[in-house]
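Try each task before you read its solution.

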Amino acid sequence: MEDRFGRRIDYLRISLTDRCNLRCLYCMPSEGIITKPREDILRIEEILKVADIALQLGINKFRLTGGEPLLRKGVIPFIKALALKPGVQDIAVTTNGTLLKKLGKQLFDAGVRRLNVSLDTLDDEKYRQITRGGKLKQVWDGLQEALRLGFRPIKINTVALRGFNDSEVVDFARLTLEYPLHIRFIELMPIGTSWMMADNSFISCEEIRDMIEQKLGELQPFPKVKGSGPAEYYSLSGALGSIGFIHAMSNHFCASCNRLRLTADGKLRPCLHDQHEVNLLDALRSGAGDEDLKQLFLKAVALKPANHHLATGAPETGRGMCQIGG
Ligand code: SAM
Ligand code: SF4
């Protein structure tokens with residue numbers, strides 16, 4: 001599929017659940033979000049049906065996210081079934097890593113090779129604070145297990161927060177000297193509960209890059225990491241991994257946007273930062289056939305905006321990242 005700006009759409013991000021076992025300050029309120037009742041969440045067989053339609057329309061790459069996707073009951077059989085579908089080229093997972101030690105082997109055996117693990121600090125106490133109760137050791141053990149099992153690439157998503165982890169960016173960068181990890185610094189976006197953070201929490205990727213270069217020397221452009229999406233990658237001399245920057249607040253990657261998002265409650269979202277949604281759940285449950293579902297996909301593609309306007313005052317998206325599938 002191609003949208004009206006000539007962008008090829010071949011990637012679907014599937015949110016498997018809006019639930020999470022952490023409460024990151026910028027993502028969820030302390031009491032959690034009001035999750036959808038179970039009957040409003042797509043069943044596994046419905047998601048597989050959506051994947052069939054997507055495949056027929058030329059989508060061949062999938063990412064599973066959430067909420068925390070590894071909490072979804074039946075996640076492993078779901079991945080196995082998806083991986084068996086003809087045409088599927090890639091299945092990746094974005095996770096907070098807390099269940100990786102337990103599920104890593106099953107994920108690998110089911111066919112997942114690419115992992116994004118979210119980790120904003122390397123300090124136990126700060127991790128507990130930012131996630132409101134999480135245990136850093138669980139994630140670190142999960143990461144070691146993922147490295148041992150052979151997942152590649154493993155990317156670390158680190159939301160850059162002034163006054164919180166700006167003092168750690170050099171430590172994060174140093175990890176790439178020791179491990180084949182791809183650290184990606186993400187600019188804080190005004191979505192979810194990020195308004196609860198102090199106004200001055202935002203720190204730009206440029207500033208982080210300067211901080212790393214001052215301590216560790218000039219960063220060299222790094223050949224694209226598989227599935228690199230919106231990040232720009234660099235590396236330190238002699239590193240095993242790379243350092244990526246996701247300038248979420250500027251529009252510079254919208255021009256190459258190749259994705260649609262499926263929310264856990266069955267809405268197809270043309271853009272993370274746009275409130276348009278196409279209701280697949282109702283269509284699926286009212287007996288829509290393949291052709292009807294394809295038309296709904298095409299409608300979502302036609303609704304893709306040229307770019308988002310976060311930096312100049314975004315339209316209200318109506319949902320946080322955990323409800324859309326970050
Ligand atoms: N629970 C999984 C995880 O944490 O990786 C998957 C879902 S989470 C919503 C996906 C990503 O969105 C995480 O890397 C998280 O840090 C990021 N995220 C959530 N809210 C954000 C915000 N306001 N600005 C930037 N990134 C955000
Ligand atoms: Fe959960 Fe991921 Fe949101 Fe953190 S960022 S609260 S781990 S969904």
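Before we start: a cavity here is a set of grid points where a 1.4 Å probe fits but cannot get out, and its volume is the space filled by probe spheres set on the points. Keep in mind that this is a predicted model.

**Exercise 1. Work out how much space the largest cavity holds and what lines it.**

Step 1: count. There is one cavity of 30 Å³ or more in the structure.

Step 2: size it up. The space in the largest cavity comes to about 30 Å³.

Step 3: Helix H1 (44-56), helix H8 (280-285) and helix H9 (290-302) each supply at least two residues of the lining.

Step 4: sort by class. The lining has six nonpolar residues, with no polar and no charged ones.

**Exercise 2. Describe the shell around ligand 1, by residue and by class.**

Step 1: Ligand 1 has 18 residues around it, and Tyr26, Gly67, Thr95, Ser118 and Met189 come nearest.

Step 2: sort the shell. It splits into six nonpolar, 10 polar and two charged residues.

Step 3: look at the strands. Strand E3 (90-95) and strand E5 (154-160) each give at least two residues to this shell.

Step 4: pick out polar contacts, for which the cut-off is 3.5 Å between N or O atoms. Glu68 puts a polar side-chain atom 3.3 Å from a nitrogen atom of ligand 1. A backbone N or O atom of Thr95 sits 3.2 Å from an oxygen atom of the ligand, and a polar side-chain atom of Asn157 is 3.4 Å from an oxygen atom of ligand 1.

Step 5: check the cover. On its own, ligand 1 exposes 550 Å², and the protein buries 95% of that.

**Exercise 3. Decide whether Trp140 is buried, partly exposed or exposed.**

Step 1: locate Trp140. You'll find it in helix H5 (residues 136-149).

Step 2: apply the cut-offs. Buried means under 20% relative accessible area and exposed means over 50%. Trp140 has 27% relative accessibility, so it counts as partly exposed.

Step 3: compare sequence with space. Leu119 is 21 residues from Trp140 in sequence, and their C-alpha atoms are 9.2 Å apart.

**Exercise 4. Characterise the second largest pocket.**

Step 1: volume. The pocket holds about 330 Å³ of space.

Step 2: lining. Of its 13 lining residues, Arg19, Arg38, Ile41, Arg72 and Lys73 lie nearest the centre.

Step 3: class. The lining of this pocket has seven charged, five nonpolar and one polar residue.

How values were computed
Residues are numbered from 1 along each chain as its sequence is written. Chains are lettered from A and ligands numbered from 1 in the order in which they are written. This is a predicted model: local features need pLDDT of at least 70, side-chain atom pairs count only at pLDDT 80 or more; totals for chains, interfaces and linings use all residues. Side-chain values use heavy atoms; hydrogens and water are left out. A residue is near a molecule or strand if one of its heavy atoms lies within 4 Å of it. A polar contact is a pair of N or O atoms within 3.5 Å; within protein, one must be able to donate a hydrogen and the other to accept it, and residues adjacent in sequence count only if both atoms are side-chain atoms. Accessible areas come from the Shrake-Rupley method with a 1.4 Å probe; for residues, only the protein chains shown count as cover. Helices (H or I, at least four residues) and strands (E, at least two) are DSSP runs, numbered from the N terminus. Ala, Val, Leu, Ile, Met, Phe, Trp, Tyr, Cys and Pro count as nonpolar, Asp, Glu, Lys and Arg as charged, and the others, Gly among them, as polar. On a 1 Å grid over the protein atoms alone, a cavity is a set of points where a 1.4 Å probe fits but cannot get out, and a pocket is an open set with protein on both sides within 12 Å along at least five of seven lines; lining residues have an atom within 4 Å of a point. Buried means under 20% relative accessible area, exposed over 50%, partly exposed in between (1.4 Å probe, protein chains only).
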